[in-house]
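Dear colleague,

Please find below the structure that I am handing over to you. My findings follow it, arranged by region so that you may read them alongside the model.

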Amino acid sequence: MRDDKNGAAPAFGGLAIDFSGDTGATTAVATATGGPSTATTGAGRVETKLVVVGSGPAGLTAAIYAARSNLEPIVLAGSAPGGQLMLTSDVENFPGFADGIQGPDLMAAMRVQAERFGSQLIDVDIERVDFSSRPFRIWARGTEYRAQSVIVATGASALWLGLDSETRLRGRGVSACATCDGFFFRDREIAVVGGGDTAFEEATYLTRFATKVHLLHRRDTFRASKIMVDRAIKHPKIEIHPNLAVEEILGDAKVEGVRLRDVKTGAESRLPVDGVFIAIGYEPNTAAFRDWLEVDEKGYLVVHDETGSKVDGVFIAGDVHDHRYRQAVTAAADGCKAAIDAERWLESQGIAEAATATAW
Ligand code: NDP
């Protein structure tokens with residue numbers, strides 16, 4: 001399953017650890033390495049060496065590494081912390097969990113691990129930033145955070161249709177990630193919604209598992225590349241249904257089908273399926289950064305030299321820049337790299353002491 005930075009808490013996956021505690025914003029924190037880490041200057045202002053924005057696998061891995069390097073990071077985790085994995089059930093492709101793990105449990109464990117080494121996690125959404133000079137400034141719920149360096153790990157959010165039934169059945173047959181959940185639909189009939197490259201790629205991928213994949217698109221022309229469309233047309237397991245809008249996902253405890261409307265005739269129909277993959281695109285969570293950092297033509301942040309940005313001291317990790325791999329494990333790896341780069345940069349500025357070889 002993937003990581004999403006903005007979703008609501010899931011209705012599945014037993015949470016063993018409280019993920020939602022509201023830590024105050026302005027208190028200093030004692031760290032595993034000793035002493036209060038974060039200077040509090042009063043009047044809702046906090047100063048620190050490193051702020052990590054985001055708390056999916058990229059943000060929390062950055063926090064684990066930074067904390068173990070004595071950077072005493074503050075993580076502005078978002079009001080719905082944990083990222084896209086909070087919206088998933090079984091995660092079977094994150095290395096180290098041979099029997100799989102629930103997405104929320106994995107994120108709760110990462111959070112505990114980050115806190116254990118002295119990261120301070122604060123469950124607030126950031127409102128705006130000012131990266132014009134150092135210390136960089138970030139505002140969130142009435143507090144101004146001043147940081148010598150920042151790691152942006154705000155992720156991307158899968159777009160959803162916005163149906164109540166879709167929200168209710170998420171993790172119960174509704175998914176936005178074929179790589180993560182395709183395996184659960186072995187020998188089942190499923191639907192993919194969308195007409196872009198993501199939809200066609202996911203439909204093709206899902207034929208490895210499903211007996212049949214119905215591609216449902218609201219128009220009769222596709223944004224997807226011709227080669228992807230041609231491949232799908234020829235595929236014996238894929239049936240393309242143009243001009244159909246999904247009105248409702250059917251089922252109580254799990255997906256049992258979809259109710260469709262023909263956009264040309266208005267005719268309604270039902271299609272029985274066991275799973276529905278929503279593949280209508282992603283939106284990187286970049287709103288607060290667009291005035292300061294480069295954004296590519298798809299809206300994702302642009303990185304230089306692995307994790308750097310155009311602002312010295314501001315680093316980027318995870319799905320907020322990566323529209324290619326979009327996996328929890330690649331986001332985590334990115335967070336690690338960003339923390340190492342931030343630490344080395346702070347050291348070069350004389351702000352952080354050189355990390356020992358064992359700090360990582
Ligand atoms: P796109 O924006 O290209 O396509 C989104 C699709 O979803 C469109 O067909 C759109 O329909 C449909 N859609 C959007 N909103 C709704 C809605 N509310 N209800 C029903 N349908 C909806 O997004 P993708 O994620 O497919 O691709 C994003 C970018 O990533 C593209 O540039 C793509 O080329 C690239 N990509 C490349 C891949 C590759 O090369 N292997 C794989 C995946 C993505 P409509 O057309 O009517 O607007």
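**Findings**

Ile 151 touches Leu 50, Val 52, Ala 62, Phe 315, Ala 317, Ala 338, Ala 339 and Ala 342, leaving aside residues up to four places away in sequence. Please bear in mind that this is a predicted model.

Ile 151 also belongs to the largest nonpolar core, where it is among the residues with the most contacts inside that core, together with Ala 62, Leu 76 and Val 276. The core has 101 residues. Helix H7, which covers residues 328-348, gives the most to this core, with 10 residues. At least three residues of the core come from each of domain 1 (39-157 + 282-348) and domain 2 (160-278).

For the protein as a whole, there are seven helices and 20 strands. Of its 360 residues, 50% count as buried. Among contacts with a separation of 6 or more, 66% are between residues 24 or more positions apart.

I turn next to strand S2. This strand spans residues 45-53 and is mostly covered, since seven of its nine residues are buried. Strand S2 pairs in the parallel sense with strand S9 (residues 143-152) over eight bridges. Within this pairing, Arg 45 has Glu 144 of S9 as its bridge partner. Strand S2 is also joined to strand S3 (residues 74-76) by three bridges, and these two strands run parallel. Here Val 52 stands opposite Val 75 in S3.

Another region to examine is an open sheet of five strands. The order of the strands is S11-S18-S12-S13-S14, and the pairing is parallel. Which strands form the edges of this sheet? They are strand S11 (174-175) and strand S14 (238-241), each of which pairs on one side only. Strand S11 is joined by two bridges to strand S18 (residues 275-278), and the two run parallel. In this pair, Ser 175 stands opposite Phe 277 in S18. Helix H5 (residues 197-206) packs on the sheet, where it touches strand S12 (189-193), strand S13 (212-216), S14 and S18. The direction of H5 makes about 165° with that of S12.

Helix H5 has a helical partner as well. H5 and helix H6 (residues 226-234) pack at an angle of about 35°, and their axes are 10 Å apart. The crossing of H5 past H6 is left-handed. On the H5 side, the contact is made by Asp 197, Phe 200, Glu 201, Ala 203 and Thr 204. On the H6 side, it is made by Met 228, Val 229, Arg 231 and Ala 232.

Finally, I would draw your attention to Gly 308, which lies in the loop between strand S19 (282-284) and strand S20 (314-316). Why does Gly 308 count as partly exposed? It has 18 C-beta neighbours inside 10 Å, whereas a buried residue needs 20 or more and an exposed one has 12 or fewer. Leaving aside residues up to four places away in sequence, Gly 308 touches Val 303, Phe 315 and Asp 341. Gly 308 and Ala 342 are 34 residues apart in sequence, and their C-alpha atoms are 8.9 Å apart in space. Both Phe 315 and Ala 342 are also among the residues that Ile 151 touches.

Yours sincerely

Key: Residues are numbered from 1 along each chain as its sequence is written. This is a predicted model: local features need pLDDT of at least 70, side-chain atom pairs count only at pLDDT 80 or more; totals for chains, interfaces and linings use all residues. A nonpolar core is a set of buried Ala, Val, Leu, Ile, Met, Phe, Trp, Tyr and Cys residues joined through C-beta atoms within 7 Å. Helices (H or I, at least four residues) and strands (E, at least two) are DSSP runs, numbered from the N terminus. Domain bounds come from an automatic or database domain assignment. Two residues are in contact if their C-beta atoms, placed from the backbone, lie within 7 Å. Two strands pair if DSSP finds at least two bridges between them. Axes are lines fitted to C-alpha atoms, for helices over the stretch in contact, and angles run from 0 to 180 degrees between N-to-C directions. A crossing is left-handed if the near helix is turned anticlockwise from the far one by less than a right angle, and right-handed if clockwise.
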